[in-house]
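Dear colleague,

Please find below a structure that I am handing over to you for your further work. My findings are set out after it.

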Amino acid sequence: MRKILQERARATRRSLLEAAACLFAQQGYAGTSVNDISARSGRTSGSVYFHYASKEGIAQAVVREGFASWPSLVPRYDDPSVPPLERLVALSYDIARALAEDSLTRAGARLWAERHTINVDLPDPFVVWTTAVTRLLAQARAGGCLAAGVRPAATARTLVRAFYGFCTLTEALEGSHALTGRLSDWWQLTLPALQRDPRTGQALAPPTAATPPVDNRPPPPAPPLGAPATRDRMLTVRTREHETNRLVTGPAGTGGDQGQ
């Protein structure tokens with residue numbers, strides 16, 4: 001019986017967390033009330049306060065949960081057989097997908113941006129990413145792939161902040177569905193400054209199971225927060241990644257526009 005009650009409590013907390021994440025991502029912290037979370041989750045307000053002492057506590061839990069899975073991405077990009085800068089770009093695509101499609105990640109990012117309006121300390125997600133990027137850049141330097149004068153730690157701080165600002169502004173102007181597509185533009189501009197020899201044509205798009213033909217149709221609207229990605233949505237993401245690889249590497253052995 002105790003185990004059953006524990007499972008029910010975990011399920012309730014999860015449903016409250018997901019409901020709060022959707023609302024915080026859509027409406028922000030100030031625009032979301034405990035009653036809103038109660039109505040969205042189908043639970044009573046008493047249930048909300050039983051599991052979370054306050055709205056601030058819910059916000060803190062959403063941010064913590066939203067960023068909890070981020071460190072687990074880093075070990076996936078420790079394969080020494082893959083060039084470090086290629087791993088860096090692949091990692092950025094995973095983060096962009098999470099910011100575009102995962103409600104907890106989206107809510108965590110928005111709440112962190114609104115942290116000065118929330119009377120509780122929120123986790124800082126950027127320490128993890130800055131450390132990971134510093135390590136990848138240091139590996140690129142050790143392998144002779146990094147441009148002279150590029151300092152891993154200082155460059156990592158700049159890249160992480162520029163990437164986050166890029167994602168935030170892209171979503172504000174074009175919607176979350178545009179993030180993975182616009183990321184190719186960002187790397188097209190940024191990567192040559194990192195590479196020792198931009199003409200090498202290093203592959204930049206993360207690997208995909210199958211690369212579909214390039215589709216020039218406009219991307220579909222972003223799915224509702226928390227909704228699973230559809231087949232069409234995943235096809236669009238893979239298409240954009242293929243375009244990134246083509247833009248940066250160009251025809252085989254040419255190095256694309258970067259060598260010009």
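Predicted model: local features only at pLDDT ≥ 70, side-chain atom pairs only at ≥ 80, totals over all residues.

Residues are numbered from 1 along each chain as its sequence is written, and side-chain values use heavy atoms, with hydrogens and water left out.

The structure contains three cavities of 30 Å³ or more. A cavity is a set of points, on a 1 Å grid over the protein atoms alone, where a 1.4 Å probe fits but cannot get out; a pocket is an open set with protein on both sides within 12 Å along at least five of seven lines; lining residues have an atom within 4 Å of a point. Grid points are joined across faces, edges and corners, and a volume is the space filled by probe spheres set on the points.

Two or more lining residues come from each of α6 (84-101), α8 (126-142), α9 (152-174) and α10 (179-194); helices here are DSSP runs (H or I, at least four residues), numbered from the N terminus. The most is given by α6, with five residues. By class, this lining has 14 nonpolar residues, one polar and no charged, where Ala, Val, Leu, Ile, Met, Phe, Trp, Tyr, Cys and Pro count as nonpolar, Asp, Glu, Lys and Arg as charged, and the others, Gly among them, as polar.

The largest pocket has a volume of about 280 Å³. Arg 106, Ala 109, Arg 110, Thr 168 and Glu 171 are the closest to its centre among 13 lining residues, and α7 (103-113) and α9 are the elements that give two or more residues. Its lining comprises nine nonpolar, one polar and three charged residues.

Helix contacts

The helices α8 and α9 pack at an angle of about 130 degrees, with their axes 8 Å apart; axes are lines fitted to C-alpha atoms over the stretch in contact, and angles run from 0 to 180 degrees between N-to-C directions. The pair α8 and α9 is therefore oblique (angles under 35 degrees count as roughly parallel, over 145 as roughly antiparallel, 65 to 115 as roughly perpendicular and the rest as oblique). The contact (heavy atoms within 4.5 Å) includes Trp 129, Val 133 and Leu 137 of α8 and Ala 156, Leu 159 and Val 160 of α9. Its residues divide into eleven nonpolar, three polar and two charged.

Between α6 and α10 the packing angle is about 150 degrees, and the axes lie 10 Å apart. Among the residues that meet are Leu 88, Ser 92 and Ala 96 in α6 and Leu 183, Trp 187 and Leu 191 in α10. This contact has ten nonpolar, three polar and one charged residue.

For α6 and α7, the axes are 6 Å apart and the angle is about 90 degrees, so these two helices are roughly perpendicular to each other. Ala 98, Leu 99, Ala 100 and Glu 101 of α6 touch Ser 103, Thr 105, Arg 106 and Ala 109 of α7.

Yours sincerely
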